[in-house]
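Here is a friendly walk through one protein model, written for someone who would rather look at the fold than at a table. Please keep the viewer open as you read.

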Amino acid sequence: MREAAMQQTVWAVDGSFFAQRVSGIQRYSLELLAALDAIAPAGLVEIVVPVGVETPVYRNIKVVPYGTRHGLAWQQLDYPRYLKQRGAKGLATCNVIPWFGFCGIAVVHDVCYRARRDFYKDNRRDRLSAAWHCLQYRRIAQKAGRIITVSEFSKAEIHKYYGVPLEKMDVIYNAWQQMQRIAPDDGVFVKHPQLQKGAYYFSMANLLKNKNFPWVLRAAKAKPDAVFAIAGGGSLAEEAARLGLADLPNVLYLGYVSDGEAKSLMAHCKAFLFPTLYEGFGIPPLEAVACGAGQILVSDTPCMREVYGDCAGYIDLAANPGSVDDTTPPKDDPARLLQKYSWEKSAEKLLGILRENG
């Protein structure tokens with residue numbers, strides 16, 4: 001009995017995200033686990049992945065290929081089967097847990113699908129995605145032993161919409177050190193000679209409604225003498241046409257850019273623009289500062305105020321017709337942000353949570 005009581009709890013991470021395209025949620029998982037590997041004792045954490053999925057090489061975290069399925073079927077069937085067979089607790093870092101058989105900790109990055117349902121009404125696919133995620137949020141609220149999220153704002157939102165007690169949740173922030181591994185690629189300025197270093201506004205856009213791409217176009221229209229460089233694929237130009245803002249001569253659509261090109265564009269922009277309508281954290285402005293951007297301009301929302309404090313300029317989305325001249329200027333050096341956030345600090349907090357709940 002005494003030996004059983006002294007056995008270490010094993011935490012088995014849902015590693016299905018390794019097979020997914022890397023966006024903010026997957027980046028959080030990758031970087032947090034890499035930092036955790038440097039400090040976690042061997043045997044405490046395992047990463048369970050579908051057979052054939054590649055992962056980084058870890059020193060203290062064991063990678064376990066398991067099961068016969070892939071994708072959602074693996075996540076909902078094979079992963080919980082492993083938890084049961086191994087007698088392990090689960091650690092799910094990407095907003096989703098198995099519907100049955102999960103006991104452990106889940107990360108909910110934000111509850112945008114619930115808080116801003118108006119963003120997901122345009123087509124059937126969006127409505128189905130919103131319905132699935134809202135069901136997942138509720139299931140996590142019911143079944144997870146603890147919930148980790150990425151900001152105090154997101155923590156308050158989870159409490160507001162799903163009634164999760166505040167004392168059942170922990171905040172582990174995003175960070176920026178991944179940008180140190182990227183070599184800048186100034187070749188982007190050769191491709192686009194219209195861009196003069198230090199003389200353009202830069203944003204990274206997509207058509208998700210929370211990213212507020214139309215604001216950048218309105219800002220460009222209101223400031224015709226400035227150049228606005230917009231990175232991102234898809235149908236940005238088509239959306240601009242739909243909005244009646246297709247022929248702005250000072251807007252340059254860059255298409256998809258490499259990580260190195262993005263780093264150079266961030267480093268040399270006049271300001272990085274992030275007019276988001278809803279975020280759990282909002283990491284791109286932090287990455288821009290890490291790359292050397294002299295100024296970041298973000299939306300004036302509670303989440304952005306929490307994350308960026310006095311180190312950002314703030315856009316009043318309610319009153320501002322689109323001109324970047326009407327933003328509240330930063331009161332502090334944006335570089336101070338880099339002292340606040342690190343994956344090492346975040347991993348140390350995660351390790352403490354795992355030990356407390358083992």
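## Before you start

This is a predicted model, in which local features need pLDDT of at least 70 and side-chain atom pairs count only at pLDDT 80 or more, while totals for chains, interfaces and linings use all residues. Residues are numbered from 1 along each chain as its sequence is written, and side-chain values use heavy atoms, with hydrogens and water left out.

Let us begin with an open sheet of seven strands, paired in parallel and ordered 3-2-1-4-5-6-7. Strand 3 (62–65) and strand 7 (169–171) stand at its edges with a single partner strand each, so one side of each has no neighbour in the sheet. Averaged over the sheet and ignoring direction, neighbouring strands are turned by 25 degrees against each other. Helices and strands here are DSSP runs (H or I, at least four residues, for helices; E, at least two, for strands), numbered from the N terminus, and two strands pair if DSSP finds at least two bridges between them.

For a closer look, find strand 5 (residues 104–107) and strand 6 (residues 146–149), which pair in the parallel sense over three bridges. Isoleucine 105 has arginine 146 in strand 6 as its bridge partner. Helix 14 (residues 343–356) packs on this sheet and touches strand 1 (11–14), strand 2 (45–49), strand 4 (89–92), strand 5, strand 6 and strand 7. Contact means heavy atoms within 4.5 Å. The direction of helix 14 makes about 175 degrees with that of strand 6; axes are lines fitted to C-alpha atoms, for helices over the stretch in contact, and angles run from 0 to 180 degrees between N-to-C directions.

Strand 8 runs parallel to strand 11, joined to it by two bridges, and phenylalanine 202 stands opposite phenylalanine 272 in strand 11. Four of the five residues of strand 9 are buried (under 20% relative accessible area, with exposed over 50% and partly exposed in between, using a 1.4 Å probe and protein chains only).

## Helix 8 and its cover

Which residues of helix 8 (residues 213–222) are buried? They are Phe213, Trp215, Val216, Leu217, Ala219 and Ala220. Their cover includes strand 8 (200–204), strand 9 (227–231), helix 9 (236–242), strand 10 (251–255), strand 11 (271–274) and strand 13 (313–315).

## Two cavities

How many cavities of 30 Å³ or more does a search of the whole structure find? It finds two. A cavity is a set of points, on a 1 Å grid over the protein atoms alone, where a 1.4 Å probe fits but cannot get out, and lining residues have an atom within 4 Å of a point. Grid points are joined across faces, edges and corners, and a volume is the space filled by probe spheres set on the points.

The largest cavity holds about 70 Å³, and its lining includes Ser203, Lys211, Asn212, Phe213 and Phe274. Strand 8, helix 8 and strand 11 each supply at least two lining residues. The second largest cavity, of about 40 Å³, is lined by Val108, Val111, Tyr137, Ile140, Ala141, Ile147, Ile158 and Tyr162. Helix 5 (124–143) and helix 6 (152–162) are the elements that give two or more residues to that lining.

Asparagine 212 sits in the loop between strand 8 and helix 8, and is buried at 8% relative accessible area. Leaving aside residues up to four places away in sequence, asparagine 212 touches Pro275, Leu277 and Leu317. Its phi is positive, near 60 degrees.

Asparagine 95 lies in the loop between strand 4 and strand 5. Asparagine 95 has a positive phi of about 75 degrees and counts as buried at 5% relative accessibility. Most residues other than glycine have a negative phi.

Terms used: 1 Å grid on protein atoms, 1.4 Å probe; cavity = no way out; pocket = protein on both sides within 12 Å on 5 of 7 lines; lining within 4 Å.
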